[in-house]
Amino acid sequence: MATVIIPTPLRKFTNNTARLEVRAGTIQDTVNELTQNFPDLKKHLLDEGGSIRSYVNIFVGNNDIRDLQQEHTAVKEDTVISIVPAIAGGAPDQLFTKEELARYNRHIIIPGFGMEAQEKLKKAKVLVIGSGGLGSPVLLYLAAAGVGTLGIVDFDVVDDSNLQRQVLFGIDEIGKPKVEAARRRLAALNPHIKLNIYNTHINSQNALDIVKDYDVIADGTDNFPTRYLVNDAAVLLGKPNIYASIFQFEGQVSVFNYTDASGNTGPNYRDLYPTPPPPGLVPSCAEGGVLGVLPGIIGSLQALEVIKVITGVGETLSGRFYIFDALNFESRTFNIKRREDNPINGKNPTITALIDYEQFCGMRAVEEKPLKEITAKELYDWQVRGEKFQLIDVREPHEFDIVNIGGELIPLATVADNAGRIDTQQHVVIHCKMGGRSAKAIRELEEKFGFTNLYNLKGGILSYIDEVQPELTKY
């Protein structure tokens with residue numbers, strides 16, 4: 001028997017049956033059997049002359065019968081036949097082309113999803129902030145699903161270290177702006193969608209102007225200032241914010257600031273984390289690492305929540321916080337609620353406009369004196385001239401084993417305990433992978449022990465490799 005998928009508008013004529021079994025033969029045989037078993041269906045499928053109505057499309061598998069043998073198209077035992085009529089008073093091709101109907105057929109034939117949900121996707125505008133590890137799967141799946149307009153915000157360029165997890169990009173894109181590379185890849189995946197790119201750093205000055213034109217925000221950022229910025233912009237503008245985060249083997253997903261059908265707005269990021277952790281406590285993925293497949297898992301869940309928010313299909317993660325541990329393959333879901341002391345939409349909000357988020361996250365304290373820095377080329381000049389200095393590497397042992405430039409290994413967590421190993425009479429250059437951990441080490445040494453001879457290697461060992469020894473291994 002072949003299977004016929006009855007669309008939602010016609011199910012009232014088939015006793016609310018979504019799937020019917022019919023004898024194999026031809027499409028004409030199928031239509032005749034349907035109209036005989038359900039007489040009220042006939043006038044909606046056939047015109048006065050007995051032909052299939054022009055506003056009814058019939059697909060065999062993914063193919064329109066108009067591209068096959070029309071009503072004489074053969075129907076086999078395992079054939080899936082989809083009837084796709086126009087709804088809301090318009091012809092299907094006013095919103096979807098024939099190619100789009102074939103492309104989205106697997107969505108359209110899902111009971112409870114159908115054409116209505118696909119139309120919502122087509123009309124939706126989603127802003128994805130960050131096109132890296134999380135943004136890559138989010139953008140790929142939203143584009144493939146048929147979200148009508150995708151905005152992409154990113155100011156970075158593709159680096160070879162990205163390719164381990166950022167599946168939007170290939171080796172030919174290295175050195176190119178991520179947003180431009182993403183647009184090319186997504187346009188090749190689905191030419192029926194609109195792509196807007198913002199090759200800029202989103203900040204307090206431009207965030208509201210960018211976010212305001214979109215229905216849903218997907219947060220794929222990798223630092224706390226931008227995460228709080230995105231949350232606050234979404235709350236101030238009344239936009240749902242689909243959140244995800246990854247680190248090493250663990251991922252998190254939730255839906256923030258979502259207003260349900262009853263008009264109730266769920267919690268936002270500040271309800272979960274009222275304040276950020278101290279700078280340096282939680283390293284970025286660039287410093288702490290991330291299992292390459294994890295962003296694909298978590299980003300796919302994030303894309304799923306975007307689709308649910310847009311279509312209204314299923315139950316979103318609003319008010320719930322999902323955590324996935326890839327090492328143990330365990331997941332937990334916690335309930336979260338709105339807090340009356342939330343500074344942006346609590347009982348007595350104190351934030352009514354976007355603020356300085358770097359200062360809020362403690363990443364730019366004006367009272368801190370600037371660190372002395374040395375560039376990779378300046379360090380190389382010291383080495384060539386035979387200058388006397390001590391080189392300290394504050395990375396972890398496994399990083400040191402991958403690549404090192406001859407420094408003395410003192411991991412960041414042990415710096416204070418090993419202060420006696422650090423020279424106080426000559427220049428000391430301290431480095432890590434990118435410059436963040438070494439800066440923290442220098443501040444700790446200066447504050448606790450009064451060092452005045454410490455220099456931070458700007459850009460860390462990665463800059464040294466780029467500018468001095470490109471033959472060394474990057475990671």
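Across the whole of this predicted model, a search turns up 19 salt bridges. One of them brings together the side chains of Glu33 and Arg23, with an N to O distance of 3.8 Å. Glu33 sits in helix H1 (residues 27–37) and Arg23 in the loop between S2 and strand S3 (25–26), so this pair ties together parts that lie ten residues apart in sequence. The two partners sit in contrasting surroundings. Glu33 has a relative accessible area of 12%, and since anything under 20% is called buried, Glu33 falls in that class. Arg23, at 54% relative accessibility, counts as exposed, the cut-off for that label being over 50%.

A second salt bridge links Glu387 with Arg385, and here N and O are 3.2 Å apart. Glu387 comes out as partly exposed, with a relative accessible area of 37%, while Arg385 reaches 53% and is classed as exposed. A further example pairs Lys448 with Glu444, whose closest N and O atoms are 3.0 Å apart. Both residues belong to helix H16, and because they are four residues apart there, about one helical turn separates them. Lys448 is exposed, its relative accessible area being 55%. Salt bridges also join up into a network that links Asp159, Asp466 and Lys474.

Helix H16 turns up again in the way the chain reaches strand S20. Strand S19 (residues 427–431) pairs with S20 in the parallel sense, over three bridges, and Val429 stands opposite Tyr455 of S20 in this pairing. To get from S19 to S20 the chain passes through H16 (residues 436–449), making a β-α-β crossover that is right-handed. S20 has another parallel partner in strand S16 (residues 373–374), to which it is joined by two bridges. In that case, Glu373 is the residue standing opposite Asn456 of S20.

What about the two faces of S20 (residues 454–457): are they covered or open? Both are covered. Leu454 and Asn456 are buried on one side, and Tyr455 and Leu457 are buried on the other. In a regular strand, side chains alternate between the two faces of the sheet. Of the residues named in the pairings above, Asn456 is the one opposite Glu373, and Tyr455 is the one opposite Val429.

S1 pairs with strand S2 (residues 19–22) in the antiparallel sense, over four bridges. With S7, by contrast, S1 runs parallel, and three bridges join the two. Thr3 features in both pairings: Thr3 stands opposite Glu21 in S2 and opposite Val80 in S7.

The loop between S1 and S2 contains Asn15. The phi angle of Asn15 is near 60°, a positive value in a residue other than glycine. Asn15 is also exposed, with a relative accessible area of 64%. Phe329 is another case of this kind, with phi near 50°, again positive in a residue other than glycine. Phe329 is found in the loop between strand S14 (320–325) and strand S15 (330–335). Although nonpolar by class, Phe329 is exposed, and its relative accessible area is 67%.

H5 gives the most, with five residues. By residue type, the lining divides into 13 nonpolar, five polar and three charged residues.

Methods: Residues are numbered from 1 along each chain as its sequence is written. This is a predicted model: local features need pLDDT of at least 70, side-chain atom pairs count only at pLDDT 80 or more; totals for chains, interfaces and linings use all residues. Side-chain values use heavy atoms; hydrogens and water are left out. Buried means under 20% relative accessible area, exposed over 50%, partly exposed in between (1.4 Å probe, protein chains only). Two strands pair if DSSP finds at least two bridges between them. A crossover is right-handed if, with the strands pointing away from the viewer, the path from the first strand over the helix to the second runs clockwise. A salt bridge is a side-chain nitrogen of Lys or Arg within 4 Å of a carboxyl oxygen of Asp or Glu.
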